Amino acid sequence: MEETYVRHVEFLGFEKRFFPSQHYVYMLMVKWNNLSEKLIYRGYPEIYTFHKSLKEMFPIEAGDIDKKDKIIPALPAPKWLDSQKSTETRQSTLAEYCHSLINLPPKISRCQLVCNFFKVRSEDENPPAQQPVKRNETTVMSTDNARGSTSEISGPIILESYRVISDYSKTSKYEINLLTGDLVEIVEKSPNGWWFCQCDTKRGWVPASYLEPLDGPEEPEEADPNYAGELYITTKAYNAAQDDELTLEIGETIEVIHKLLDGWWVVRKGEETGHFPSMFLHKTGEKKEMEENVIRRQTPPPRRSTIRNAQSIHGKGRKGISQNTYRRNSRRFLLQKGDWPDQPRKTSNDARQSPLQERKNGDNLPKPAGSSPGGELKKGAPLIPPRPSPELIMERCTENTCKKVSVRKSN
């Protein structure tokens with residue numbers, strides 16, 4: 001049987017609890033070599049007790065015999081009374097400690113003591129019930145500080161609250177069931193559209209498409225379209241399930257023009273645009289981080305357009321952008337930039353399929369003096385361009401014009 005060990009520990013923040021008395025626990029996302037992930041809670045006194053036991057087990061590596069051999073990271077002793085300020089300022093120290101601990105030689109980082117300490121417990125999956133008067137207060141650590149890139153701690157970040165718009169049934173043990181109207185707190189927003197949430201005593205992954213902000217239908221963190229595009233490579237083939245999606249094979253290079261928080265990005269391939277799962281994309285020129293940023297799901301999250309009986313508390317829905325608008329703005333940007341590909345000249349067989357149909361303009365051309373009907377024109381005579389088809393005119397006109405035309409047709 002393959003040995004199970006911890007491959008990465010991500011420090012998320014801490015939680016202030018009031019049962020049975022006021023105390024603080026730290027939140028750690030533990031990632032194992034079998035690709036499972038578990039959220040655990042540990043108090044600082046327990047962490048320090050574990051640290052002392054580890055030093056006793058490995059006295060040479062702890063530097064107790066010779067300080068030159070010390071490789072186990074140091075950890076300050078706990079204070080007599082923990083406050084929120086001391087809990088906050090200790091975050092960077094713990095983040096660096098966990099990172100250094102997992103990167104120690106395997107005989108230490110994979111020993112039974114370490115595995116048992118980070119193993120999920122029943123109280124991690126079922127924390128103490130919330131007090132009716134005071135709710136647990138969760139504070140998360142910024143991403144840069146959690147990775148140990150700086151020793152300073154920014155101010156506490158209160159978790160965002162979202163509302164569930166439709167019932168959701170989990171499809172794996174890492175997800176949670178939700179009911180319409182439930183309020184959840186967001187611990188982590190993954191770019192692939194799966195968000196790690198907590199709802200009362202439940203914690204797990206849910207699709208972002210089932211959640212809506214409380215203040216309004218629009219997502220304030222969602223970026224605007226970038227028609228310059230960013231180059232990405234597809235890491236997995238996908239067959240379009242809806243008309244506004246793109247079918248792409250593995251290894252194709254595309255341009256991402258709009259990164260949506262639900263995990264379905266708008267990409268451009270040649271002249272076509274469409275939605276594509278972001279979890280199947282990898283940015284060109286970047287090295288894959290197989291260990292720390294492993295894809296947590298094998299299937300993309302459901303899209304909001306596929307959710308039945310969605311019930312929003314907001315009068316207006318989200319202002320979505322149609323694929324026609326994406327294509328028109330993308331074409332306009334590339335034309336201004338001069339990157340629009342030259343179209344090959346259509347043959348007579350292809351003319352029927354082109355929205356710009358060729359028409360004979362011989363009757364409209366000026367007749368040179370002395371020329372017989374049907375004679376050849378002089379060189380340099382101006383040609384009247386063919387009239388665009390109605391389809392092309394509708395495609396290039398503004399949205400207001402399209403609406404007016406559709407109203408006239410309906411009347």
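**View 1. The hairpin of E13 and E14 in a predicted model.** Glycine 270 takes a positive phi near 70 degrees in the hairpin of E13 and E14, which has two residues between the strands. This is a predicted model, in which local features need pLDDT of at least 70, side-chain atom pairs count only at pLDDT 80 or more, and totals for chains, interfaces and linings use all residues. Residues are numbered from 1 along each chain as its sequence is written, and side-chain values use heavy atoms, with hydrogens and water left out. Strands (E, at least two residues) and helices (H or I, at least four) are DSSP runs numbered from the N terminus. Strand E13 (residues 264-269) pairs with E14 in the antiparallel sense over six bridges; two strands pair if DSSP finds at least two bridges between them. Valine 267 has glycine 274 in E14 as its bridge partner. Five of the six residues of strand E14 (residues 272-277) are buried, that is, under 20% relative accessible area, with exposed meaning over 50% and partly exposed in between (1.4 Å probe, protein chains only).

**View 2. The open sheet E9-E8-E7-E6-E10.** Five strands form this open sheet, and the pairing is antiparallel. Strand E9 (202-207) and strand E10 (211-213) are the edge strands, each pairing on one side only. Strand E8 (residues 194-199) is joined to E9 by six bridges. Proline 207 in E9 is the bridge partner of tryptophan 194.

**View 3. Helix H8 and the residue after it.** Buried residues of H8 include Tyr326, Arg328, Arg331 and Leu334. Glycine 338 follows H8 and has a positive phi, near 85 degrees.
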